[in-house]
Amino acid sequence: MSEDEELPDLGGGATPNSNSTVVSIGGGDQNYVSPGPDQVLENVLENVLCFLTSRRDRNAASLVCKSWYRAEALTRSELFIGNCYSVSPRRVTNRFRLIKAIAIKGKPRFSDFSLLPPDWGAHFAPWLRAMAISYRALEKLYLKRMCVRDEDLAIAAHSFPILKELVLVCCEGFGTDGLAIVARECRQIRVLELMDSVIRDNEVDWISCFPEDVTCLESLIFDCVEAPINFEVLERLVARSPSLKKLMLNSYISITQLYRLMIRAPQLTHLGTGSFSPLEIVAQGEHEPDYFSAFAACKSLICLSGFKEIIPEYLSAIYPVCGNLTSLNLSYANISAEQLKPVIRQCHKLQTFWALDSVSDEGLQAVSAACKDLRELRVFPVEALEDAEGPVSEVGLLAISEGCRKLQSILYFCHRMTNAAVVAMSKNCPDLVVFRLCIMGRHMPDHVTGEPMDEGFGAIVKNCKKLTRLAVSGLLTDRVFNYIGQYGKLLRTLSVAFAGNTDLGLKYLLEGCPKLQKLEIRDSPFGDSALFAGLHHYYNMRFLWLSACKVTRQGCKEVARQLPGLVVEVIAWNEEENGTSEDVDTLYLYRSLDGPRADAPRLMVRPSLIMLGKALFNYRAGFPLAALKISPSSCGFHALAVEPSPAA
Amino acid sequence: MAMISKEHKKEKLEFEETELRLGLPGGGGIVNGDLVKNGKRGYTETVDLKLNLALKETGKGENLQKEKNLISCSNDSVKHTHKAQVVGWPPVRSFRKSLMAVQKSNSEEGGGGAASFVKVSMDGAPYLRKVDLNMYKSYQDLYGALGKMFSSFTMGKCDSQGMMDFMNERKLMDVLNGSDFVPTYEDKDGDWMLVGDVPWGMFVGSCNRLCIMKGTEAIGLAPRAMEKCKNRS
């Protein structure tokens, strides 16, 4: 415990590698000095710590003492950065030396719904710069909601010669140019997965860039790449990729092309079927291939998705695999209950099912009858409009709850709901870990009783003892937050919109939910006094998001002042550039070891509009302006000078 | 749904009169979902702004209230117009929204409804064809297309006039007794029917596949014998 005090502290200074060697530092081989007891302890420790894989266990181990901290840092090979701004890349690479796999998450989730400016941040480039020096042996790279440019992909391809896995989820900023470089340069790539990302079509035939010889590709997922694919080249690629298990095609691949790929790769376990339509109006002089037998030949297929432009009559081709499927994603297939039924009734082993609400309550009843092993259900709206007569309702939810007792995760978009159905689900599905109900009309009450939806969600938090993630909607008063604060003791992620009456709502949450990590709230009447109720907890959270609420600039400043370890980002509307309005449009706060970021977006003022400016402020109480490492001229944003706090 | 009072309607009219719009050229100002309301600006790329000067001065709470009132203005004539849309609500990701919009527009181009492809076979032809029934407005159109498609294989009257003749009962038996071809279709019940009996719209809705049979084989499907045919199959 105490023997290491003279060594560098936890602040992240360089740790000499020689600690881990046995041979003495000073002389040549003839001066072998046997290692001291401290050294032996560290060596033993490192060997033991290698077996610790869970990052939570490793975090705990690193807190035991400095010796353990060092040993853990030298042996950790997988890194998870939940918020790319919570720590600087430099600090990370200084501490961890042997990283082979890294996952970095950037923007908060509400950015998916256009609630942040597109140039807000979460750039991969600074991380890449640090990693390109320190992590040359990187094998796996996972990025979520990050801005990745083509140049970044090029640098990554060059810097990580043994990169095996590249997974980009909800990313943007790159195009098929970048993909071409990855295909060409990453010779060891086994997994290339692009999911829900916005990818520019640079009109580059990136599929042709894979090397000509046999590849070690195991997973190729590009269903979100909205660009035509050179099919003949793809076909040859699939043919020379014997290890390929996961293949997810984009909507430019027709069903006839899918057929050709399937007969070349019957070993597939995960298949994204592309458009699942012929794409041509009339097939010229071609027999219709036997799609049914192609599916029958894929004996290992357990996961099916795609169907991006489905012609429903082709759905029967998948019958041969239905009995084996554990995952079926029909969430782009606008099919009716009648079209779903013959498929779903064969899917006895289904655990994950995603669909559009076009299947209606009746379709969900069929799911409930057939899929007794269902763990995850997602029902998306065909028309994401508030005021519509949606085809799914409490009837479908109730049916699912009655038939699928093992349900763990649900995301359900609907236009009408009742407390009774939600209460029933809370009792029928005690294993629920994730409950996300989106009643699309704002402030919609129980459509039968006219009451708020408080009791339904209250029952969920009360009865579902394993619940860690919750999203609420509909007409909700402070009472629902009281319930959540009272019962949601394991809750880590909570999403709130258009809910609550007073500050009490947010207070209940912040005071009652000790495990709360990610709290995102929009358009709810929570103000400063509620904000202050969380001061004891913000250091334990990944982030707090409040948009279109009632917090003021003064309140945000106060939080920043009291909690120097937080970064408090505020987006506010000003009528004039140097406005003094107290209105805060968006508050995003998170803990950070390295203070406010230097890459906040420039002010955007469009002359064609009546003067509306945006100001982005970073508050970092206790630091003189110089230490903020920014200047208005370089970044173009205004930093407020705050008085240094005496305690700092 | 909350009911809307006269005052609220009036309020809405006034609001619409005072607002400034910046819409995309040629567009009706209504695009997928992410419209702006009440001065809150979304960060979507297609900038479609409604600058509401009047509402900007009100407090947030009032905005909320106004939004609430404005939602429920559901007139049938503007059934799916985005009246009081708020940025990022409902929380559906834009790529999903845009995909559904693309699908919808594809199907609308096809003529008001999802594409309705059916296989077309002809006795003696080496391969099948496919037609999208939604591309045609009447039997006449369909026969014309079929005739063109299979003209190389028929020696008989497989043009539109020939098929129209077939519709005429007086010529029917002559036609059927010859070696002419006759269009038949399989309906949703699995029965093989003669094309042309039911109204076009109903036919499109119930047709699973088409088969152009040799006349001699189609005798059992003559209009007068429809009932027998149904009972038999």
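**A walk through a predicted two-chain model**

In chain A, the span of residues 38-77 has its end C-alpha atoms 23 Å apart and is 75% helix and 0% strand, where helices (H or I, at least four residues) and strands (E, at least two) are DSSP runs numbered from the N terminus. UniProt, in an unreviewed entry, lists these residues, 38-77 of chain A, as "domain: COI1 F-box"; its positions are given in the numbering used here, its feature names are shortened, and its annotations may be inferred rather than shown by experiment. This is a predicted model, in which local features need pLDDT of at least 70 and side-chain atom pairs count only at pLDDT 80 or more, while totals for chains, interfaces and linings use all residues. Residues are numbered from 1 along each chain as its sequence is written, chains are lettered from A and ligands numbered from 1 in the order in which they are written, and side-chain values use heavy atoms, with hydrogens and water left out.

The end C-alpha atoms of residues 99-143 lie 15 Å apart, and the span is 22% helix and 20% strand.

Over all chains the structure holds 23 aromatic pairs, counted when ring centres of Phe, Tyr and Trp (its six-membered ring) lie within 6.5 Å, with planes under 30 degrees apart taken as stacked, over 60 as edge-to-face and the rest as tilted. One of them joins Trp120(A) and Tyr588(A) edge-to-face, at 5.7 Å centre to centre and 65° between the planes. The pair links distant parts of the chain, since Trp120(A) sits in the loop between strand E2 (101-105) and helix H5 (125-134) and Tyr588(A) in strand E22 (residues 586-591), 468 residues apart. Trp120(A) is buried, at 2% relative accessible area, and Tyr588(A) is buried as well, at 5%; here buried means under 20% relative accessible area, exposed over 50%, and partly exposed in between (1.4 Å probe, protein chains only). Ring pairs link Trp120(A) and Tyr588(A) into a cluster that also includes Tyr85(A), Phe110(A) and Trp545(A). Over the face of Tyr85(A) lies Arg597(A), at 4.5 Å from the ring centre, a charge counting as over a ring if NZ of Lys or CZ of Arg is within 6 Å of the ring centre and within 35 degrees of the ring normal.

Lys107(A) is buried, at 11% relative accessible area, whereas Glu172(A), at 27%, is partly exposed. Arg264(A) forms a salt bridge with Glu235(A) at 3.3 Å between the closest N and O atoms; Arg264(A) lies in helix H9 and Glu235(A) in helix H8 (residues 231-239), so the pair ties together parts 29 residues apart in sequence.

Turning to chain B, its secondary structure comes to 9 helices and 7 strands, and buried residues make up 45% of its 233 residues. The charged end of Arg96(B) sits over the ring of Phe380(A), 3.7 Å from the ring centre.

Technical notes
Salt bridge = Lys/Arg side-chain N within 4 Å of Asp/Glu carboxyl O.
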